[in-house]
Amino acid sequence: EVKMSKEQLKLYRMSMKGVDPRIIDKIKRGEEVSKTQMMNVFTKLMRARQVSNSLHTVNEGMSLEEAAERTPKIKKILDDVGEHIKTTPDAQIIIYTNIVKGGVDVIEAGLKKRGIDYGKFIGKGRVGVTEESRQQAVNDYVSGKNKVIIITGAGAEGLSLGNTTLVMLADGHYNPERIAQAEARGVRAGGQSHRDPKDRKVQVRRYVSTVPKNFWQTITFKDPEKSVEQFVYLTADRKQRLNRQLRKVLETKSQKEDKKKDGTLLGRMFGA
């Protein structure tokens, strides 16, 4: 969790204007919002998510490089990239984001400014992005030429980046499967084969911009409101729990049916 700066919080509040106050109240409390309500405010919430990632998305006069240093969460990500490379000789880092403007662009600018070589695997059709450039980014990462690769949902499935040592999620997704797929790009069977088996570990870090406590919440020891980014992960967690419950019900039903079939078979065999 990374607290928003005062500057960012002000812009975040502005980005939420126009959203139904009742929905905002549910988001602040981390409560469930119906599918219909989500459809009505999805675009406006995306604006808030972009602000949560980078100041430049609403401050047109700010450069990407400046935004990378002045937006607390992006700065934290970049700091952690540098620290991991410094302390891990075989460092290989995946940075995953669901957002291009306020995600890929600002992270890329921050890496360039810090002199960190990287590649990117994002949706084709973007300026300068071709199938050849995407494959080159993967090759450079797998070979160790580049320590960092930026991926979006376009790279959340199918890629095998087995020597990854750190997966960084710059922002979450409402669908828990998308989160799991992104993390799984670096957590691969047979990965880090050059390491001793006991040292074959992948760190996974999820970065979330949060709303800092106000004065009243501080003196009364109350929790601060939930941010849109926290709300996204809470929504994904609720879906994950429902998915697990459904799987458990289906597995129990399948086991009962198997037992029934076994009993019927035994009955036929022994004339019961």
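**Entry 1: the second largest pocket**

I started with the classes in the lining of the second largest pocket, and I found seven nonpolar, no polar and six charged residues. For these classes, Ala, Val, Leu, Ile, Met, Phe, Trp, Tyr, Cys and Pro are nonpolar, Asp, Glu, Lys and Arg are charged, and the others, Gly among them, are polar. Before going on, I noted that this is a predicted model, where local features need pLDDT of at least 70 and side-chain atom pairs count only at pLDDT 80 or more, while totals for chains, interfaces and linings use all residues. I also noted that residues are numbered from 1 along each chain as its sequence is written, and that side-chain values use heavy atoms, with hydrogens and water left out.

A pocket here is an open set of points on a 1 Å grid over the protein atoms alone, reached by a 1.4 Å probe, with protein on both sides within 12 Å along at least five of seven lines; a lining residue has an atom within 4 Å of a point. The volume is the space filled by probe spheres set on the points, which are joined across faces, edges and corners.

The second largest pocket holds about 170 Å³ of space. Its lining has 13 residues, and Val100, Val104, Asp105, Glu108 and Lys120 are those nearest the centre. Helix H4 (64-70) and helix H6 (100-113) are the elements that give two or more residues to this lining. H6 gives the most, with six.

**Entry 2: the largest pocket**

Next I went to the largest pocket, which has about 310 Å³ of space. Glu32, Val33, Phe42, Tyr174 and Arg238 are among the residues that line it. Which helix gives the most to this lining? It is H10, with five residues. H10 and helix H3 (35-53) each supply at least two. By class, I get six nonpolar, two polar and four charged residues here.

**Entry 3: Arg238**

Is arginine 238 buried or exposed? It is buried, yet it has no salt bridge, and the nearest side chain of opposite charge, glutamate 32, is 4.5 Å away. Buried means under 20% relative accessible area, exposed over 50%, and partly exposed in between (1.4 Å probe, protein chains only). For charge, Lys and Arg count as positive and Asp and Glu as negative, with His and the chain ends not counted. A salt bridge needs a side-chain nitrogen of Lys or Arg within 4 Å of a carboxyl oxygen of Asp or Glu.

I also listed what arginine 238 touches, leaving aside neighbours within four places in sequence: Gly30, Glu31, Glu32 and Phe231. Contact means heavy atoms within 4.5 Å.

**Entry 4: salt bridges**

I then looked up the pairs that do form. Side chains of opposite charge can pair when their charged atoms come close. The structure holds 17 salt bridges.

- Arginine 70 meets glutamate 66 at 2.3 Å, N to O. Both lie in helix H4, four residues apart, about one turn of the helix. Arginine 70 is partly exposed at 34%, and glutamate 66 is partly exposed at 31%.
- Lysine 73 pairs with glutamate 229, with the closest N and O atoms 2.6 Å apart. Lysine 73 is in helix H5 (residues 72-87) and glutamate 229 in helix H10, so this pair ties together parts that are 156 residues apart in sequence. Both residues are buried.
- Lysine 198 pairs with aspartate 199, the closest N and O atoms being 3.4 Å apart. Lysine 198 is exposed at 59%, and aspartate 199 is partly exposed at 35%. I also noted a network in which salt bridges with shared partners join Glu69, Lys75, Asp79 and Arg114.

**Entry 5: Ala68**

Back in helix H4, I checked alanine 68. Its relative accessibility is 0%, so alanine 68 counts as buried. Not counting residues up to four places away in sequence, it touches Ile74, Lys75, Leu78, Val106 and Gly110.

**Entry 6: the whole chain**

Last, I took the overall view. I counted ten helices and seven strands in the protein chain. The C-alpha atoms fill a box of roughly 85 × 50 × 40 Å along the principal axes. Of the 272 residues, 43% count as buried. Among contacts with a separation of 6 or more, 71% are between residues 24 or more positions apart.
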